[in-house]
Amino acid sequence: MKEKVELALNKIRPTLQRDGGDIELLEVTPEGVVKVRLKGACGGCPMSQMTLKMGVERVIRQEVPEVTEVIAV
């Protein structure tokens, strides 16, 4: 499942990088929770939670239905 999540992140990554940010996959738990780290401009952005839930999580869950949640750590 981790490989599928990484492929989904690669679809999102260019959009984040255009805004000066990036995303790093830290862990995919057996329960389907994806743990990521927002980097660069995304790390301190006040809209990062919205980006994470409405953008990143939505795309990952479309690509990998086994994922239950995406959280930033």
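In what order do the three strands of the open sheet stand, and what is the sense of their pairing? Please then relate the sheet to the rest of the chain.

Analyst: The model is a predicted one, in which local features need a pLDDT of at least 70 and side-chain atom pairs count only at pLDDT 80 or more, while totals for chains, interfaces and linings use all residues. Residues are numbered from 1 along each chain as its sequence is written, and side-chain values use heavy atoms, with hydrogens and water left out. The pLDDT, the predictor's confidence in each residue on a scale from 0 to 100, averages 93 over the chain, and 100% of the residues score at least 70. Confidence is highest in S1, at a mean of 95, and lowest in helix H2 (residues 41–44), at 84.

The open sheet has the order S1-S2-S3, and its pairing is mixed. Two strands are said to pair if DSSP finds at least two bridges between them. S1 and strand S3 (69–72) each have a single partner strand and stand at the edges, so one side of each lacks a neighbour in the sheet. On average, neighbouring strands are turned by 30 degrees against each other, direction ignored.

S1 and S2 are antiparallel and are joined over seven bridges. These two strands form a hairpin with four residues between them, and Gly32 in the turn has a positive phi of about 90 degrees. Within this pair, Val28 stands opposite Val34 in S2, and Glu27 has Lys35 in S2 as its bridge partner. S2 and S3, by contrast, pair in the parallel sense over four bridges. Here Val33 is opposite Glu69 in S3, and Lys35 is opposite Ile71 in S3.

Contact means heavy atoms within 4.5 Å, and axes are lines fitted to C-alpha atoms, for helices over the stretch in contact, with angles running from 0 to 180 degrees between N-to-C directions. H3 lies across S1, S2 and S3 and runs at about 145 degrees to S3. H1 touches S1 and S2, and its direction makes about 165 degrees with that of S1.

The packing is also seen in the nonpolar core, a set of buried Ala, Val, Leu, Ile, Met, Phe, Trp, Tyr and Cys residues joined through side-chain atoms within 4.5 Å. Buried means under 20% relative accessible area, exposed over 50%, and partly exposed in between, with a 1.4 Å probe and protein chains only. The largest such core has 19 residues, of which Val5, Leu9, Val34, Val56, Ile60 and Val70 touch the most other members. Two or more residues each come from helix H1 (2–18), strand S1 (21–28), strand S2 (33–40) and helix H3 (48–63). H1 gives the largest share, five residues. With residues up to four places away in sequence not counted, Ile60 touches Val5, Ala8, Leu9, Ile12, Val67 and Val70.

Glu57 lies in helix H3 and is buried, with a relative accessible area of 12%. Not counting residues up to four places away in sequence, Glu57 touches Leu52, Glu69 and Val70. Arg61 is also found in helix H3, but is partly exposed at a relative accessible area of 39%. Leaving aside neighbours within four places in sequence, Arg61 is in contact with Val67 and Thr68. Arg61 and Ala8 are 53 residues apart in sequence, yet their C-alpha atoms are 8.9 Å apart in space.

Lastly, the cysteines. A disulfide is a pair of cysteine sulfur atoms within 2.5 Å, and a search of the whole structure finds zero. Cys42 is in no disulfide, the nearest cysteine sulfur being that of Cys45, 6.7 Å away; this distance is too far for a bond. Cys42 is buried at 10% relative accessible area, whereas Cys45 counts as partly exposed at 30%.
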